[in-house]
Amino acid sequence: MTNYKETIERTVDERLEDYKKIALSIHDKPEVSNYEFFACETLSDKLKKEGFDVKVDVAGHRTGFDARYKSNKPGPAIVFYAEYDALEGIGHACGHNLFGTTSSLAAVGLKSVVDEVGGEIRVYGTPGEEGGENGSAKGSFVDRGFLDDVDIALGVHPGYEHTLTSTTKAVAPVDVEFFGRSAHASAAPWEGINALDAVIQVFNSINALREHLTTDTRIHGIITDGGKAPNVVPDYAKARFFLRADKRPTLEDLYKKFENIVKAAALATGCEYKFGLFQNRIDNTVPTPSFDEVYVEKLKEYGQELSAKDLFLASASSDVGNISQVVPVIQPTISISDTPITGHTVEFREAAKAEKGLESIGLGAKLLALTALELILDSERLEKIKDDHRKLIKEQNK
């Protein structure tokens with residue numbers, strides 16, 4: 001183990017300056033979901049040069065990639081998932097320029113020993129964690145079987161302090177559209193069918209439903225099209241909603257209730273309707289504590305301590321939850337600031353290009369690679385983690 005660790009550390013240290021430059025270049029060119037062309041090309045090209053077999057435009061995402069290196073010895077399939085999208089209008093205020101770079105360097109670090117210890121290393125470039133056009137790509141990777149033969153998945157998210165993998169809510173991002181008939185709103189309103197009335201009815205029915213929902217659920221939405229002129233009966237109206245819950249089964253029940261509301265609004269107003277997801281459904285994150293324990297052991301080896309706080313509260317959502325439903329996953333946070341910062345702020349964006357943020361790439365890559373190495377070498381511990389995960393998913397789905 002000592003020799004393998006030294007090899008990984010040396011590999012990471014030798015390449016760190018190159019990966020810092022990559023993180024800065026991605027930070028300088030922030031791209032939102034489905035448009036991360038520069039970030040995707042930069043990371044995937046670097047992995048090609050590191051000896052990985054790389055495919056771009058995968059899982060239905062033009063800015064997604066799949067990079068693999070398989071040793072000749074048997075062993076587990078390890079995924080390091082990479083995020084690299086930015087937020088609209090504020091850039092890399094969640095630090096994904098660091099996230100994707102760290103995952104890539106972790107894979108390169110582990111590759112330096114995998115021919116001796118066995119197994120397969122993959123880096124999945126997963127666009128649009130923040131949502132947006134064709135967003136939440138991890139759901140597509142799961143649905144299209146990219147995790148079917150995977151043993152574990154690892155990533156580390158930039159944050160103020162070091163924390164463990166946190167729970168997150170499941171969310172169904174839905175669009176509601178109503179189609180009516182236009183008419184003069186004063187001269188002949190009886191000839192019209194008001195699509196906006198149907199949208200308003202949806203909001204009213206949601207407010208009536210809230211009293212009967214469990215406390216972990218959230219429904220929040222906006223009207224994106226409510227008509228063009230007040231003297232014309234709107235023949236088209238549209239709204240967008242996020243439906244959230246702590247667990248996937250609760251969300252599925254909420255989704256059915258919400259669709260019934262939409263159907264009722266259409267029936268009440270005489271409108272036709274369309275209803276469904278506008279991007280991938282996001283599942284709740286199921287942490288596997290025995291997996292996090294391995295990461296914490298490595299963290300302490302570098303003299304680092306956990307915070308009692310979590311960056312991601314249970315009210316937030318992330319598509320890492322989709323992966324956590326099918327394989328054990330860790331997504332702890334790694335400190336990039338000595339002063340308190342909050343995600344999706346200017347302060348966080350600036351920290352993502354500052355020196356401590358850039359240094360976190362090296363620490364994070366070592367922690368992820370060494371965590372994976374531990375489980376390659378200790379098959380019994382890996383099997384226990386997988387068994388713990390299966391029990392947690394079964395408990396959730398009762």
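Is Phe-242 buried, exposed or partly exposed? At 28% relative accessibility, Phe-242 counts as partly exposed, where buried means under 20% relative accessible area, exposed means over 50%, and partly exposed is what lies in between, with a 1.4 Å probe and protein chains only.

Before the tour goes on, note that this is a predicted model, in which local features need pLDDT of at least 70 and side-chain atom pairs count only at pLDDT 80 or more, whereas totals for chains, interfaces and linings use all residues. Residues are numbered from 1 along each chain as its sequence is written, and side-chain values use heavy atoms, with hydrogens and water left out.

**The whole chain**

Along the principal axes, the C-alpha atoms fill a box of roughly 85 × 45 × 40 Å. Of the 398 residues, 57% count as buried. Among contacts (heavy atoms within 4.5 Å) with a separation of 6 or more, 81% join residues 24 or more positions apart.

**Helix H1**

Next select residues 2-28, which make up helix H1. Its 27 residues reach 38 Å from the first C-alpha to the last, close to the 39 Å expected at 1.5 Å a residue, the expected span being 1.5 Å times one less than the number of residues. Centre the view on Leu-16, where H1 has a kink of about 50 degrees; the bend at a residue is the angle between axes fitted to the seven residues ending there and the seven starting there.

Now show the rings of Phe, Tyr and Trp (its six-membered ring), which pair if their centres lie within 6.5 Å, with planes under 30 degrees apart counted as stacked, over 60 as edge-to-face and the rest as tilted. By this rule there are 13 aromatic pairs. One of them is the edge-to-face pair of Phe-241 and Phe-258, at 5.0 Å centre to centre and with 65 degrees between the planes. Phe-241 belongs to strand S9 (residues 236-245) and Phe-258 to helix H6 (residues 248-269), 17 residues apart, and both are buried.

Move on to Phe-242 and Phe-278, a stacked pair at 6.2 Å centre to centre, with 15 degrees between the planes. Phe-242 lies in strand S9 and Phe-278 in the loop between strand S10 (272-277) and helix H7 (289-301), so this pair ties together parts that are 36 residues apart in sequence. Phe-278 is partly exposed, with a relative accessible area of 22%. To finish this stop, select Phe-203, Phe-241, Tyr-255, Phe-258 and Phe-275, which form one aromatic cluster.

**Two further residues**

Thr-371, in helix H10 (residues 355-377), is buried, with a relative accessible area of 0%. Leaving out residues up to four places away in sequence, Thr-371 touches Leu-154, Phe-291, Val-294, Tyr-295, Lys-298 and Ile-330.

Last, select His-184, in the loop between strand S7 (170-179) and helix H5 (195-209), which is partly exposed at 42% relative accessible area. A C-alpha to C-alpha distance drawn from His-184 to Glu-380 spans 73 Å, across 196 residues in sequence.

Conventions
Helix = DSSP H or I, 4+ residues; strand = E, 2+ residues; numbered from the N terminus.
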